[in-house]
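Hi,

Here is the structure I promised to pass on. Have a look, and my notes follow below.

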Amino acid sequence: MTSETTRLHMFCGKIAAGKSTMARALAKRDNAVVIAEDDWLAALYEGQITSIRDYVQAANRLRGVMGPHVVALLNAGQSVVLDFPANTVETRAWLRQIVAQTDVVHRMHLLDVPDDLCRARLRARNAQGDHPFAATDAQFDEIVRHFVPPTADEGFHVVVHAGDPASPQSLSTPGAPG
């Protein structure tokens, strides 16, 4: 049971670009369930993710379990905000499989935020100490090195949010329903 009102929101943006902030706002707006990778990884692998390699292994396991669950939610008519970073072609291929198994409206939100702003947000987030993972500047650089924005041939409905994606007007981008 799907309809034009059931939505899947996905995010592509560098670390600390504002993906989770936007995810929470979209979930509230669309009465959707947020599934946040950081929350699940922190709960399932507490203290075990100490490197990018650890993250990749844990994230791959989580995607293997979460994919069918997200498909089931969407096919049951529940909108989902999938707060997983779609920052590589490989991760987006997984998301494409989810989209292909549903008949729902989907949006890939591309948060186009300069590195210096992301780095400043990351440092502030680390200083607050309330995020489950604190990345160093070196890890930021390593993660950003792998960032690849989506291309048209990947088949997503991409909505670009430039500047400060965490601002409320970013959720009502002209020409981009939902």
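A charge counts as sitting over a ring if NZ of Lys or CZ of Arg is within 6 Å of the ring centre and within 35 degrees of the ring normal. By that rule, Arg96 lies over the face of Phe156, 5.4 Å from the ring centre. Arg63 has its charged end over the ring of Trp94, at 5.8 Å from the centre.

Before the rest, some housekeeping. This is a predicted model, where local features need pLDDT of at least 70 and side-chain atom pairs count only at pLDDT 80 or more, while totals for chains, interfaces and linings use all residues. Residues are numbered from 1 along each chain as its sequence is written, and side-chain values use heavy atoms, with hydrogens and water left out.

The centres of Phe84 and Trp94 are 5.4 Å apart with planes at 35°, so the pair is tilted. Phe84 is in strand S3 (residues 80-85) and Trp94 in helix H4 (residues 89-100), so the pair ties together parts 10 residues apart in sequence. Helices here are DSSP runs of H or I, at least four residues, and strands are E runs of at least two, numbered from the N terminus. Both Phe84 and Trp94 are buried (under 20% relative accessible area, with exposed over 50% and partly exposed in between; 1.4 Å probe, protein chains only).

Cheers

Technical notes: Phe/Tyr/Trp six-rings, centres within 6.5 Å; stacked < 30°, edge-to-face > 60°.
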